[in-house]
Amino acid sequence: MLTKIKKLIPLKLFRALQTPYHYLMNLAAALVYRFPANKLIVIGVTGTTGKTSVVYLIAKALEANGYKVGYTSTAQFSDGSKEWLNDKKMTMVDGFFTQRLIRQMFKNACQYAIIETTSEGIKQWRHTFINYDVLVFTGLYPEHIEAHGSFEKYKITKGELFKHLKNCHTKYINDKKIVCRPKSQLKKLDFQRVKKTIIVNGDDDQAPYFLSFWSESKFIYSALAWESRAKAARHFRLDPTTSDWELIPYGDIKADLAGTEFIIDQQPLKLKLLGDFNAQN
């Protein structure tokens, strides 16, 4: 039915109506499901490659630490109680599906929701009514640019997600990582404030751009051997005197048929995953 209606609308008018249409549909979805992202710690993962692997690895790391986690990705979905394959033929599904799934994560007592967030989803305002807490940038390559017109526009679209972080409301959690609503300023002292955080692949050429956005905390993971914090600060255009960012070095990667071994922040790590790129993931 919607397809037939679209065909009746002149192309110029259709394009003009797209932005308000997507915005209002996503607002409606958030209203229907009562803004469920306000009730969980939300991690958004974006980039050209590695997103799906990173979503899954974060989910399993959190679960291994005793937390309940739901997620959306190109490969599959989880509501915290069950996992199933993504058969929607898109990564970031429409607002009603995504908001409903986040709501189900909350009902299933999840503490965390991980959302693989795509440039197409951002273009269609699907991120707008999701209250993110942590954003992860895996890297940017000249793919998918046919939908954006140029690599620069593709990058700027990704940047809209990071710009959105400043508009996301602050959350408070208890010692079990459950989001709480303090009834007064004094009560807030009983809880931990969730810092709005950006995590960036420092080896990507676009890292300084994504690190330029506001956040309360920044983490940069890099295989490059930075000689000093001051040198890293110059490269990433950050203030070397502040403590709101941290460099996480990794390297000495050894990959074979048994998996991948490497050192991260002076600690050895072994993965049963093949490929040097999985050390980065």
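Predicted model: local features only at pLDDT ≥ 70, side-chain atom pairs only at ≥ 80, totals over all residues.
Biologist: What makes E12 and E13 a hairpin, and in which sense do they pair?

Modeller: E12 and strand E13 (residues 259-264) form a hairpin with 2 residues between them, and they pair in the antiparallel sense over 5 bridges. Asp-256 stands opposite Gly-259 in E13. E13 and E14 are likewise antiparallel, with 5 bridges, and Phe-262 has Leu-269 in E14 as its bridge partner.

Biologist: Which strands stand at the edges of the sheet, and why is one side of each left without a neighbour?

Modeller: The open sheet has 11 strands with mixed pairing, in the order E4-E3-E2-E5-E1-E6-E10-E11-E12-E13-E14. Strand E4 (83-85) and strand E14 (267-271) each have a single partner strand, so one side of each lacks a neighbour in the sheet. The twist averages 20° from one strand to the next, angles being taken from 0 to 180 degrees between N-to-C directions of lines fitted to C-alpha atoms, for helices over the stretch in contact.

Biologist: How do you know that helix H6 packs on this sheet?

Modeller: Contact means heavy atoms within 4.5 Å, and helix H6 (residues 151-164) touches strand E1 (41-46), strand E6 (134-137) and strand E10 (197-201), its direction making about 155° with that of E6. Helix H8 (residues 229-236) lies across E11 and E12, at about 95° to E12.

Biologist: Why is E1 described as largely enclosed by the rest of the structure?

Modeller: Buried means under 20% relative accessible area, exposed over 50% and partly exposed in between (1.4 Å probe, protein chains only). In E1, 6 of the 6 residues are buried, so the strand is largely enclosed. Both faces are covered, with Ile-41, Ile-43 and Val-45 on one side and Val-42, Gly-44 and Thr-46 on the other. E1 pairs in the parallel sense with strand E5 (residues 112-116) over 5 bridges, where Val-42 is partnered by Ala-113, and 4 bridges join E1 to E6, also in parallel.

Biologist: How do you know that the span of helix H4 is close to what is expected?

Modeller: The expected span is 1.5 Å times one less than the number of residues; H4 (residues 95-107) has 13 residues, and its 18 Å from first C-alpha to last is close to the expected 18 Å.

Biologist: And what makes the whole chain agree with a compact globule?

Modeller: The radius of gyration is taken over C-alpha atoms, and the globule rule is 2.2 Å times the number of residues to the power 0.38. For 281 residues a compact globule would have a value near 19 Å, and the protein chain has 20 Å, which agrees.

Note on methods. Residues numbered from 1 in each chain as written. Heavy atoms only, no water. Pairing = 2+ DSSP bridges.
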